[in-house]
Amino acid sequence: MEWEVVIGLETHAQLQTKTKIFSGASTEFGSEPNTQACEVSIALPGVLPVLNKEAVNCAIKFGLAVNAEITPRSVFARKNYFYPDLPKGYQISQYELPVVGKGAVTIQVPAMGKSPAYEKVVNITRAHLEEDAGKSVHGAVEGMSGIDLNRAGTPLLEIVTEPDMRSAAEAVAYAKKLHELVQWIGICDGNMQEGSFRCDVNVSVRPKGSDKLGTRREIKNLNSFKFMQQAIEFETRWQIETLEDGGTIQQATVLFNPDTGETRAMRSKEEANDYRYFPDPDLLPLEITEADKARVKALMPELPEAMKARFEAEYGLTSYDAATLTASREVAAYFADAVKAGADAKPAANWVMGAVSAKLNAEEKAITQSPVSAVQLASLLKRIADNTISNNAAKQVFEAMWTGEGEVDAIIESKGLKQVSDTGAIEAIIDEVLAANAAMVEEFKAGKEKAFNALVGQAMKASKGKANPAQVNEMLKKKLGA
Amino acid sequence: MINSSLKTLSQMLAKKEVSSVELTQAFLNRIDALNPEINAYIALDQEKTLAQAKAADIRIAAGNAEALTGIPIAQKDIFCAQGWQTTCGSKMLANFVAPYDAHVISQFDAAGAVNLGKTNMDEFAMGSSNETSYFGGVKNPWDFTRVPGGSSGGSAAAVAARLCAAATGTDTGGSIRQPASLCGFTGLKPTYGVVSRYGMIAFASSLDQAGPMAKSAEDCALMMNVMAGFDERDSTSLNREKEDYTRDLNKPLQGLRVGLPKEFFAEGLDANVGKVIDAAIAEYKKLGAEIVEISLPNTGLSIPVYYVLAPAEASSNLSRYDGVRYGHRAESYTDLMDMYCKTRAEGFGAEVKRRILIGTYVLSAGYYDAYYLKAQQIRRLIAQDFEEAFKHCDVIMGPAAPSTAFKAGEKVDDPVAMYLQDIYTISTNLAGLPGMSVPAGFSNNLPVGLQIIGNYFDEARMLNVAHQYQQVTDWHTRMPEGLA
């Protein structure tokens, strides 16, 4: 039987606010335990929550970015359960009425093997505001468990998708897209190691063609895209094998072990808590007006979709190139800066996606750390455009700029890479080449087009790559009467 | 001096006829003498109290005293007060010393009032007789064999026995008004949101409201001037302009429309209490009031609705008492679950456990719609009853409690009989309306309180209505014989 995997994601994005969602305590990461735990964080008797408006703005930004309905009147609810790192014995979250309703994101699924790259729309079910819990610390004191409440009350936006994804690749493409989007709009730093962006993945399988969903298992707390890919692939295989062996899938929460590459059930849902959600009487319903939305919208950067469309229209880029350049706000900004500094858009796009990306990847650098700035790249591309250097020579110049050898013109000068555009000099070279390659000339005249390219090659070689290829072409055509 | 109004005390302090230290010491001496018997206070700290009195005297000498500067006030032990043991009447918090001040406490501190101590109360404000307190029952100053009412029983006894100049209380279903009725003094529960709940230990967040307990309406008005006001730390605190609650005290009552809900005078009301209330209404007629028959048809549903919603909120509010960070923790346990179970089994009393169980039940999957949601719907109907009633009258009057003070132990084994104590007060909490209890006479030598319910934010008018009555009656000036 052929199987189909069905995947939905729940992502917790930690919002970049200075203070906690319901108190004035700092949200900074990595401080000494409990130094950022105010009376509200500790849940002393009598304390009350006050909603941080900055967290609300983050939620509105996200809603606008995924074209979602933003709920005019959403409600905070208490999720009740006991755990030592949950100081109040309940988490303030949103349940029946989340701040962000249905929306969608378009993802780019990369080519794999023979299957080409494609776009797909993933529907967002909802996104809601909630507070993070603290952390249990084991072993800091011999034989004891400690509680660090620095993180308790840190604002989170939980983003839930429809079960729209059909492969690990799609799930990872969505996660990457979301990861980039929350950073693009400035609501989350995206730091997966510090837990600022954590994904829970719901996986189920069903016979291909069936419209009934299988029983899902939830893989918790994946903190890298690589692990997500591995975990989904393992989980999918495991579920298919289990079913094919005549077994059944129990709804469960599972953990991924990166060392073994396996998923394992943590607890079955049957033992799960009844969270006894009810509206938090300490907080008023969250009201968001059209004016609030307009105010937040005015503060938002151009969104990737809009920028992509603009790159296509303004610069004549292909959809794929425009999508690649707008996959990250920093890359898009680098490209735009290069164009602004005078580079032609198409070569700029090619260089950013080609040489620049290749070097960055090889050195594991972000584009913001690129040794060659957008303005420097533009000055290099201008020297190609004005025929000072050839494309090949430009690659050498780029390498030299990357290692900090200086500015474009100085490098061209010192390396003697200036293109020969002197008609007389080129003519002399061509005459030499024609004389030395009479056989090729004959072949060309007999109708072999390929011989022409060979002659161009010979001329370029004779000029040590410095001759202007366009001029060589033109003059050669003239001499051969073509 | 111990019988003087806050206004008189304030004038005596201003004229240096008495110092705050002297006044405070007079109350402390009285507490020394009577509190061992009455048990109105859980925590006393003479050193802290007298330090505040000294500071008040300096402030009075410097000429920047406010109305309550130097006046000794008792604080219900539900308010966190920095450096004070703050127990909420529970073993769970018996060892808890608050590291911060509730809004109400800091308001009194800013006004220069003196904190005499923390008063006894039903555990987590759950009770109508003060008998659920971990720190023992409180005796009704009018009859030591009887209860003072609850949950603000300690504050009630302290006011009635003149163990303070005035006190604070909180009222979730009647916890200011019922003890005010049973102990014969004036108590006001303001409109929900008028007094900040910050630092006031939560019982049922959507119903809890702090208010004054004092000898007269005028004293309550002066207390309200200190307690009320917007606080950004409480999201349900209302951002309204500061009011002077004494402003309307002297307005005549000519033409006042008094609504009498027929449901408040039906079966369940003690006949002698009913007679006292009738006499009070007759007094209001003499003052020029016009009597209007009204109906609050959903009154009978208020107790069942309350005993779904209040326990639901309480079950969640009390989850933080888990032994992890502060308060009681079981001495020995085998694992985390055992620690939770033992800590909470040991730390909470029977009534608190009963309400946590009820609340957990009504919020559970499968029961939520039938109980919690249904109760919320009826809560709106109860509020609509009042909305309709206030189209026909300015204030509503009736009894504050169905009977006078009952014997200690009489109702402890019958929670439902105990819950019925709040039959006339609970509906105002559900609607968020202000209510007060005013001494209106005696039945078998025990005080009876007249309840006055006002429309939202009508506290100043209610205080006016009560004050005018207190100008022509002297019930509020009576105090228990033998304690004078």
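**Loops, helices and strands in a two-chain model**

Colleague: Between which two elements of chain B is the loop that holds Ser151(B)?

Modeller: This is a predicted model, and in it Ser151(B) is joined to Gly150(B) by a cis peptide bond with omega of about 10 degrees. The loop that holds Ser151(B) is the one between strand E3 (114-119) and helix H5 (153-160) of chain B.

Colleague: How confident is the predictor in chain B, as an average pLDDT?

Modeller: For the complex, the predictor gives an ipTM of 0.96 and a pTM of 0.91. In chain B, 100% of the residues score at least 70, and the average pLDDT is 97.

Colleague: Is Phe124(B) buried or exposed?

Modeller: Phe124(B) is found in the loop between E3 and H5 of chain B. Its phi is near 50 degrees, a positive value in a residue other than glycine. A residue needs 20 or more other C-beta atoms within 10 Å to count as buried. Phe124(B) has 33 of them, so it is buried.

Colleague: Is Arg162(B), with its positive phi, buried or exposed?

Modeller: Arg162(B) lies in the loop between H5 and strand E4 (166-170) of chain B, and its phi is near 60 degrees. Inside 10 Å there are 21 C-beta neighbours, so Arg162(B) counts as buried.

Colleague: Which residues does Thr49(B) touch, leaving aside those up to four places away in sequence?

Modeller: Thr49(B) belongs to helix H3 (residues 46-61) of chain B, and it is buried, with 21 other C-beta atoms within 10 Å. Its C-alpha atom is separated by 9.1 Å from that of Val21(B), 28 residues apart along the chain. Beyond the residues up to four places away, Thr49(B) touches Thr24(B), Leu28(B), Val114(B), Asn115(B), Leu116(B) and Gly117(B).

Colleague: Which element gives the largest share of the side of chain B that touches chain A?

Modeller: The contact involves 35 residues of chain B and 25 residues of chain A. Elements giving two or more residues to this side of chain B are helix H9 (302-317), helix H10 (336-347) and helix H11 (350-363). The largest share, 3 residues, comes from H9(B).

Colleague: How many nonpolar residues does the side of chain B that touches chain A have?

Modeller: In all, 35 residues of chain B are in contact with chain A. By class, this side has 10 polar and 8 charged residues, while the nonpolar ones number 17.

Colleague: Within what arc do the buried residues of H11(B) fall?

Modeller: H11(B) has 14 residues and reaches 20 Å from its first C-alpha to its last, close to the 20 Å expected. Its buried residues are Val352(B), Arg355(B), Ile356(B), Gly359(B), Val362(B) and Leu363(B). They line one face of the helix, because seen down the axis of H11(B) they fall within an arc of 140 degrees.

Colleague: What do the elements covering the buried residues of H11(B) include?

Modeller: The face turned away from the buried side of H11(B) carries the exposed residues Ala350(B) and Leu357(B). The buried residues of H11(B) are covered by elements of both chains, including H9 and helix H12 (369-389) of chain B and strand E14 (278-279) of chain A.

Colleague: Which residue stands opposite Ala77(A) in E14(A)?

Modeller: E14(A) belongs to an open antiparallel sheet of 3 strands in the order E4-E3-E14. E14 and strand E4 (90-94) of chain A are its edge strands, each pairing on one side only. E14(A) is joined by 2 bridges to strand E3 (residues 76-80) of chain A. Opposite Ala77(A) stands Pro279(A).

Colleague: Which residues form the uncovered face of strand E5 (residues 103-109) of chain A?

Modeller: E5(A) runs antiparallel to strand E6 (residues 118-131) of chain A, joined by 7 bridges, and Gln108(A) stands opposite Glu119(A) in E6(A). The covered face of E5(A) has Gly103(A), Val105(A), Ile107(A) and Val109(A), and the uncovered face has Ala104(A), Thr106(A) and Gln108(A).

Colleague: How many residues of helix H15 (residues 459-472) of chain B are buried?

Modeller: The buried residues of H15(B) include Met462(B), Leu463(B), Val465(B) and Tyr469(B). They pack against several elements of chain B, among them helix H7 (217-227), helix H8 (271-286) and strand E10 (435-443). H15(B) is mostly covered: of its 14 residues, the number buried is 10.

Notes. Residues are numbered from 1 along each chain as its sequence is written. Chains are lettered from A and ligands numbered from 1 in the order in which they are written. This is a predicted model: local features need pLDDT of at least 70, side-chain atom pairs count only at pLDDT 80 or more; totals for chains, interfaces and linings use all residues. A residue is buried if 20 or more other C-beta atoms lie within 10 Å of its own, exposed if 12 or fewer, and partly exposed in between; C-beta atoms are placed from the backbone. Helices (H or I, at least four residues) and strands (E, at least two) are DSSP runs, numbered from the N terminus. Two strands pair if DSSP finds at least two bridges between them. Two residues are in contact if their C-beta atoms, placed from the backbone, lie within 7 Å. Ala, Val, Leu, Ile, Met, Phe, Trp, Tyr, Cys and Pro count as nonpolar, Asp, Glu, Lys and Arg as charged, and the others, Gly among them, as polar. pLDDT is the predictor's confidence in each residue, from 0 to 100. The expected span of a helix is 1.5 Å times one less than its number of residues. The arc is that of the directions from the helix axis to the C-beta atoms.
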